[in-house]
Amino acid sequence: MTAVDDRPQAASTHEVGRDRRRKEDQRLITGRTKWTDNLVLPGMLHLAMVRSPLAHARITGIDATAAREAPGVIAVLTGEDVKDLQGSLPCAWPITEDQKAPPHPAIAVDRVAFSGEVVAVVAARSSAAARDAAELVDVDYEDLPAALELRASAQDETLAHPDLGTNRSATWVFDSAEAGTGSDVEDAIAEADVVVEREFRQQRLIPAFMEPRSTVVDPTGEQFVMWSATQVPHILRLMLAMTLGVDEGKIRVIAPDVGGGFGGKLQVTPEEIITFLVARHTGKPCKWTETRSESLLSAHHGRDQWQKLTLAAKADGTVTGLKVELLADMGAYLGLVTPGVPILGAFMYNSIYKFPAYHFSCTNVFTNKTWTDAYRGAGRPEATFAIERIMDELALELGRDPMEVREQNWITHEEFPFTTVCGLEYDSGNYEAATERAKELFGYDELRAEQQRRRESGDRVQLGLGISTFTEMCGLAPSRVLGSLNYGAGGWEHASVRMLPTGKVEVITGSSAHGQGHETAWSQIVADQLGVPFEDVEVLHGDTQISHKGLDTYGSRSLVVGGQAVINAAKKVIEKAKPLAAYQLEANVDDLEFSDGKFTVKGAGADQEGVGLAGLALAVFAAHDLPDGMEPSLDADATFDPVNFSFPHGTHLCAMEVDTETGATTMRSYVCVDDIGNVVNPLIVEGQVHGGLVQGIAQALWEEAVYDDQGTLVSGSFVDYTLPTTADTITFVTDRTTSPATSNDLGVKGVGEAGCIASTPAVVNAVLDAIRQFGVKDIVMPCTPERVWRAIQDGTAGAMSETAGAAAGHFAEGEPNQDPPGTGAAPAAGTTQEGGQA
Amino acid sequence: MKITVTVDGTTYTDEVEPRTLLVHHLRETLGKTGTVVGCDTSNCGACTVLMDGRSVKSCNVLAVQADGHEVTTIEGLADGETLTPVQEAFRDCHALQCGFCTPGMIMQATDLLSSNPSPTEDEVRHGMEGNLCRCTGYHNIVKAVLQASGQSATSGGEQS
């Protein structure tokens, strides 16, 4: 490990840094779990949704008579029944003042805008009865033309919402010249020796968390209690109150065991609203649990962008400007943070490189598809993919090694802290160290030599090497920055530390874990802070009546924001205990020091007993003998708002073997060296990296939400939406370098999204590196064997036009897919076998 | 129909609808909620249990087909506080994050190792491919199955 840590260590570091086995696991490996769908309450009703089979249609009539009369059915509600009660589902991130958006009903009232939209709900005494009855609801539709293809939709050829008058929701622009953070990109392009212009397609993905969503609402007490498979219980509670006009104090939201999220459960869903409304309507506890097909169809999707990049460089390879023009598919509605997702990538296209000029614009477009929203990385994987792909293209234009061109342009470690062309201050990093270590582990030079041998011998299986030297901004987020981006909330996090009379410690966190291991990591942090045993710390979360305040878990924020809040609360506990310790030790407060869980008097020798925090907790509980005026409590709260994002980075190297006769791709090796600052638990960190890698690799190779020309999702089950399996994946080589963050006490950076942000371009770059020799210029993701084979056969830029639906041609018909003439870009050696244009 | 099934060592006799899936019988009638449903196409394997010692996807078995058989779920594996080697290895190797796929993974790994006590990595990868996980990238799951077979050293981490 390359340590460049010059920050002071915490007073005691017994626990932080240890690969503790997780506290969570004992329950999970023995089946003692509490998923929302496990809940059964007396008299509970089960809900089934009736969903539109059509992408865009007017609802001309609903006959629910047969359903209402079916056995076990208690109620059937349609949009007409709830239209004055359901409000409009929230969008917390209107990116511009003039953003256009349709109302977002939980149950469609007179028109459906995507296939899968709820048009009615059935409540029955069993889930089977509810589903059976849902089949009996007869809905009459008048078909409307559907806006499906993103680029055509951006031209308003067909309107997704006729009343809006346009499909364009908003256009968001950042320009470094206007912002005063850099020069003018058009000047850079005009003056460039080399201009590389490329378009990339970010296919539509589905988060596909393993636990299907489920919601239970119990209306029988003073408060409505909602259990939900959500990443965001606190946000959900607030939004339920605001959407339904119910007093926030009358709602309690509980996220019990939650089976994954990846952004897919960062939402306030129609089904949550509907379950609430039906529970209120019937006065009975109600449960809705989705099927997997419902989940793939109606839980929000991710990505789905067209990305056009124009990169300007000097003849020697120095980059001089970057212009990014995006079209982002919102789908039919704006969800909780839908419009902001591409904007989260806006400051990341420049990545680790020193672009002096930068321009970003993104137009958000409505279509008649499932709405998109956060999916692991949210905006940043898209940015990383595009910049890492085009850096390879630049190297190709220059006929140089892609790593060498990156190195020439990246921020060197001496230049930190570095203010980017977007105005962000990268606090720490060392791209050289991570790259050197990755190349060593990968055997970069040997693999290049093998690649050359295979090319020369005309081996049927060709080898390609792919690079991704990524960075990302995470730890969402400084509230002031969010405010400047027009986001509806802050980015702080809250924590409480409670000292129990037994000396045990309860930690309440506003973070809401669903697999991240917070119970273990927070215990390690608090054990060090308070000098108590790891086992004595109990971490509570995910219930708004216990954790009354929080902003939940997403955006790799929990440790860097929530973890710091925990530290701040623990420090307050020590400060509160100090006067009592001084009182008991008959010493001056200023003469005390605290370490390993006890207060001692400075200079009083090593053999003094001091007083322990546990004893003080008991004394405070009894409160018989406290200093005059002391509040009988050591408990403390803290709310932490970060001053900056954290900026993890790393170098990912991928070797892909491509069977040139079948198009089959096989991952030969994958090495990543990530710099996420200091580490609380290396075991958990590696797990986060592995999982992220495979999600990113899956985007490169396997996954895509495909719609047919009627706007029906055809990859609506795990048969067709192909998640990778053990047999598709390999064992990874992971390592770390350490450049501690300066924005928190632990020196940590977020890690939840890093693997997913970094891996996709490494894989695609590797596949292309293997087959560019055949004239292939690009392959649209996912790089399925069919696409790879066709690309090789046709020797063209993708050759995708034969495949259906979203597997559309990569380049617009009639538009040139090459650099404008006269830009001085010469084809590189080895790529002279030019293919035709698609 | 009346069926009698022994689940995790206890024998239960119940009336079930013929269309009831074994997984729903386990969860809803017997309260064996450790076994979960992750899909509706028998792709994900989250509902995997052992029937007469062999793994089955319990969403793909009718409750009536389990009549007269012995079913072991994730809740019946450990002997009191004593975990099985597979459970222990999953914990030790951090082979789970959210834990939703874990019951199925552990049951499948148990079956795999009972029929092939010393699998290669490739055999593990093919033997486990009917179970989907979205959190771990499978890296540590494969490691755990190999470790449970006694073939690879522990990762050297400190035990808690």
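Helices (H or I, at least four residues) and strands (E, at least two) are DSSP runs, numbered from the N terminus. This is a predicted model, in which local features need pLDDT of at least 70 and side-chain atom pairs count only at pLDDT 80 or more, while totals for chains, interfaces and linings use all residues. Residues are numbered from 1 along each chain as its sequence is written, and chains are lettered from A and ligands numbered from 1 in the order in which they are written.

**View 1. Chain A as a whole, with 21 helices and 29 strands.** The radius of gyration of chain A, taken over C-alpha atoms, is 28 Å, close to the 28 Å that the globule rule (2.2 Å times the number of residues to the power 0.38) gives for 838 residues, so chain A is as compact as a globular protein of that length. Along the principal axes, the C-alpha trace of chain A spans about 90 × 75 × 50 Å. Of the 838 residues in chain A, 61% are buried, where a residue is buried if 20 or more other C-beta atoms lie within 10 Å of its own, exposed if 12 or fewer, and partly exposed in between, with C-beta atoms placed from the backbone. Two residues are in contact if their C-beta atoms, placed from the backbone, lie within 7 Å; among the contacts in chain A with a separation of 6 or more, 80% come from residues 24 or more positions apart.

**View 2. Strand 2 of chain A (residues 45-51) and the strands that pair with it.** Seven of the seven residues of strand 2 of chain A are buried, so this strand is largely enclosed by the rest of the structure. In a regular strand the side chains alternate between the two faces of the sheet. Both faces of strand 2 of chain A are covered, with A:L45, A:L47, A:M49 and A:R51 buried on one side and A:H46, A:A48 and A:V50 buried on the other. Two strands pair if DSSP finds at least two bridges between them. Strand 2 of chain A runs parallel to strand 13 (residues 286-289) of chain A, to which two bridges join it, and there A:L45 has A:C286 as its bridge partner. With strand 6 (residues 118-124) of chain A the arrangement is antiparallel and holds six bridges, A:H46 being partnered by A:A124.

**View 3. An open sheet of four strands in chain A, in the order 22-21-20-26 and with mixed pairing.** Strand 22 (537-540) and strand 26 (636-640) of chain A stand at the edges, each with a single partner strand, so one side of each is left without a neighbour in the sheet. From one strand to the next the twist averages 20°, where axes are lines fitted to C-alpha atoms, for helices over the stretch in contact, and angles run from 0 to 180 degrees between N-to-C directions. Strand 20 and strand 21 (residues 505-509) of chain A run antiparallel and are joined by five bridges, and A:V497 stands opposite A:V507 of strand 21. Helix 16 of chain A lies across strand 20, strand 21 and strand 22, at about 135° to strand 22, whereas helix 17 of chain A lies across strand 20, strand 21 and strand 26, at about 145° to strand 26.

**View 4. Helix 18 of chain A (residues 613-622) and its buried residues.** The buried residues of helix 18 of chain A are A:L613, A:A614, A:L616, A:A617, A:A619 and A:V620. These residues pack against several elements of chain A, including strand 20 (493-499), helix 16 (518-530) and helix 17 (558-585). After helix 18 of chain A comes A:A623, whose phi is positive, near 60°.

**View 5. Chain B, its two domains and the side that touches chain A.** Chain B has five helices and five strands, which run β-β-α-β-β-β-α-α-α-α from the N terminus on. An automatic or database domain assignment gives the bounds of domain 1 (2-76) and domain 2 (85-148) of chain B, whose C-alpha centres lie 21 Å apart. Between these domains, 16 residues of domain 1 of chain B are in contact with 13 residues of domain 2 of chain B. Towards the other chain, 50 residues of chain B are in contact with 46 residues of chain A. Helix 2 (85-92), helix 3 (102-115), helix 4 (121-127) and helix 5 (139-148) of chain B each supply at least two residues of the side that touches chain A.
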